[in-house]
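Here is a quick walk through one protein model, strand by strand and ring by ring. Keep the structure open while you read.

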Amino acid sequence: MTKPSLPELLHAAVTAVGGVERPGQVTMAEAVAEAVDDNSHLLVQAGTGTGKSLGYLVPALAHGERVVVATATLALQRQLVERDLPRTVDALHPLLRRRPEFAMLKGRSNYLCLHRLHEGVPQEEEDGLFDQFEAATPTSKLGKDLLRMRDWADETETGDRDDLTPGVSDRAWGQLSVSSRECLGATKCAYGAECFAEAARERAKLADVVVTNHALLAIDAIEGAPVLPQHEVLIVDEAHELVSRVTGVATGELTPGQVNRAVRRSAKLVNEKAADSLQTASETFERVMELALPGRLEEIPEDLGYALMALRDAARTVISALGSTRDKSVQDEDAVRKQALAAVENIHGVAERITQGSEYDVVWYERHDRFGASLRVAPLSVSRLLREKLFADRSVVLTSATLKLGGDFNGVGASLGLAPEGTEGEDVPQWKGLDVGSPFDYPKQGILYVARHLAAPGREGSRDDMMDELAELVEAAGGRTLGLFSSMRGAQAAAEELRGRLDKPILLQGEETLGELIKAFSADPETCLFGTLSLWQGVDVPGAGCQLVVMDRIPFPRPDDPLMSARQKAVEQGGGNGFMAVAATHAALLMAQGAGRLVRATGDRGVVAVLDPRLANARYGSYLRASLPDFWYTTDRGQARRSLAAIDAAAKADGK
């Protein structure tokens with residue numbers, strides 16, 4: 001039997017999922033197959049509606065080697081494992097004459113811990129463990145969540161938090177899960193043979209396709225101890241998110257509360273001298289943090305330096321003592337000890353990292369209204385880490401609807417540690433950028449309207465002219481508006497203002513869970529939804545429910561963002577344009593994602609309105625506009641209103 005061709009395989013898979021073959025999808029599949037066969041790297045931009053999941057799954061499955069697919073969002077992970085992969089495997093099985101296996105793998109804390117469930121949670125005030133089911137009031141939210149989780153534990157095959165519906169609070173889940181550092185290990189744990197996390201790892205070792213998330217991919221790269229099974233091909237979907245996810249995993253944090261917990265957890269397990277030294281260091285650190293002002297620390301102040309060295313040394317002493325002292329009065333001491341060790345090792349690691357003072361790290365104070373001050377340390381750049389760890393031993397395909405910024409892939413490529421496309425040289429990963437377009441006719445389906453006549457937004461102060469403009473646009477659109485704001489304060493002010501002016505329901509992020517808000521927004525065409533960052537990327541409402549997407553301003557990073565401003569400064573010191581490389585790239589990615597909320601299907605029509613005249617007037621405006629879908633462009637406010645009114649009238653005529 002001859003080997004089936006890629007078009008045959010793709011046709012079978014698309015038919016199986018009930019989709020339509022798109023030219024862009026075929027082009028993408030061929031490019032992915034070529035990159036995998038050549039052991040090279042590919043950045044591929046595939047617009048909404050291209051069917052990019054099958055564009056990479058089919059050639060990857062046809063190749064026959066193990067593939068890891070890493071995604072940023074839970075929604076896409078579920079779509080791959082519950083819909084796309086089962087149907088694709090069924091469709092390809094007769095043609096390939098083998099049945100590829102697939103599995104989902106996440107970090108350990110995403111799985112229910114049977115040891116915690118049956119033996120209890122290590123507590124801090126007294127020796128041993130306590131039964132959280134006894135301690136929680138059955139009528140409280142926490143108590144109800146815990147009891148529901150206990151019942152679920154008997155039914156679930158995966159123990160995966162995302163399979164528990166409805167979900168539970170982080171607090172409840174934290175009672176019955178452990179981090180990898182807190183885990184006793186399968187050989188030492190009485191429940192090791194039944195462990196959900198271990199079972200997921202075993203399934204992944206046997207699978208041809210392993211679906212995971214960006215965070216686990218980052219842990220695998222950073223910590224050196226492999227979490228993912230060996231693989232020849234890595235596919236990173238939603239790749240525009242990768243740098244921020246890897247940065248998040250590589251960021252360390254110290255807070256007085258966290259240090260106090262480590263003191264309490266370890267106090268009963270070590271000698272008095274070791275416990276006292278950590279307690280004293282903790283109190284010194286807390287006093288320093290009380291005076292902490294938000295902002296970057298280009299040099300570590302003397303008092304903080306002393307406090308961190310004391311913490312580091314005391315933590316090291318406690319870690320040594322934890323290994324030798326045994327206390328027979330402590331119930332299930334191994335579990336209690338492991339949790340204490342994890343907490344103290346984290347304190348030691350972050351304190352050591354900051355006192356060592358790497359030029360590649362950025363250190364800053366943050367203040368939170370509820371949680372007080374924290375000390376944070378993050379890498380100035382993750383590009384070198386990604387270049388060395390991601391692209392060395394495998395073929396990597398990175399895909400997203402937004403990778404091509406300002407007309408090329410080099411900006412995103414640089415953030416991933418890649419030299420400009422076509423650069424030759426030893427140890428320089430070779431890659432190709434490909435834009436397979438979109439099935440949508442953007443110039444006919446959408447308008448990009450920039451309110452050029454408005455005053456440029458300042459850092460503070462009201463924008464009365466912007467509020468007037470927003471109210472007029474929403475009125476013309478008949479509701480149907482997704483409002484994307486660069487700050488929560490801006491979203492709240494706009495919601496309050498428009499609730500007073502318009503007879504339209506205005507939903508505000510934070511007043512209900514995101515899932516409930518999106519459901520309510522898509523159910524009623526007159527409803528508007530206002531919010532901030534997660535709405536720029538997480539809303540998929542095709543049809544007449546979303547015909548106006550408004551951005552209040554260009555979403556540059558805040559000027560006082562310590563990490564972004566440090567990265568900008570570093571580019572400038574290297575002779576580059578820091579503003580364009582960092583701030584404009586950040587804004588372009590978010591705006592491209594935000595504008596992508598408008599057209600989600602071939603019949604969608606609407607307007608993206610940007611209420612920031614700098615998009616039309618500033619020199620960098622053309623770079624940002626080139627990063628957006630190719631909508632018909634206007635600065636004519638009358639035209640924008642007439643178009644919105646016509647789109648609203650057409651939707652009403654269709655009964656929508």
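Which residue in S12 does leucine 42 stand opposite? That would be valine 397. Bear in mind from here on that this is a predicted model.

Five of the five residues of S1 are buried, so the strand is largely enclosed by the rest of the structure.

S1 has parallel partners. It pairs with strand S12 (residues 395–400) over four bridges in the parallel sense. Strand S13 (residues 431–435) is joined to S1 by five bridges, and these two run parallel as well. On the S13 side, look for leucine 434, the bridge partner of valine 44.

## Aromatic pairs

Turn to the rings next: there are seven aromatic pairs in total. One of them is phenylalanine 485 with phenylalanine 530; their ring centres sit 5.3 Å apart and their planes meet at 55 degrees, so this pair is tilted. The two come from distant parts of the chain, 45 residues apart: phenylalanine 485 is in the loop between strand S15 (481–484) and helix H20 (488–501), and phenylalanine 530 is in strand S17 (residues 528–531). Phenylalanine 485 is buried at 1% relative accessible area, and phenylalanine 530 is buried at 0%.

Phenylalanine 556 and phenylalanine 579 make a tilted pair too, with 5.3 Å between centres and 55 degrees between planes. Phenylalanine 579 counts as partly exposed, with 25% relative accessibility.

Two other spots involve rings. Phe440, Tyr442 and Phe631 form one aromatic cluster. Over at tyrosine 360, arginine 384 lies over the ring face, 4.5 Å from the ring centre.

Some backbone background first: most residues other than glycine have a negative phi, and most peptide bonds are trans. Against that, the peptide bond from threonine 165 to proline 166 is cis, with omega near -10 degrees. Proline 166 sits in the loop between helix H7 (141–155) and helix H8 (170–175).

Then there's asparagine 39, not a glycine, yet with a positive phi of about 60 degrees. Asparagine 39 falls in the loop between helix H2 (23–38) and strand S1 (41–45), and is partly exposed at 49% relative accessible area. Arginine 97 also has a positive phi of about 60 degrees without being a glycine. Look for arginine 97 in the loop between helix H4 (74–96) and strand S3 (102–104); at 63% relative accessibility, arginine 97 counts as exposed.

Cysteine 195 is in no disulfide either; the nearest cysteine sulfur belongs to cysteine 183, 6.1 Å away. With 19% relative accessibility, cysteine 195 counts as buried, the cut-off being under 20%.

Technical notes. Residues numbered from 1 in each chain as written. Predicted model: local features only at pLDDT ≥ 70, side-chain atom pairs only at ≥ 80, totals over all residues. Heavy atoms only, no water. Phe/Tyr/Trp six-rings, centres within 6.5 Å; stacked < 30°, edge-to-face > 60°. Buried < 20%, exposed > 50% of the residue type's maximum accessible area, 1.4 Å probe, protein only. Lys NZ or Arg CZ within 6 Å of the ring centre and 35° of its normal. Disulfide = S-S within 2.5 Å. Pairing = 2+ DSSP bridges.
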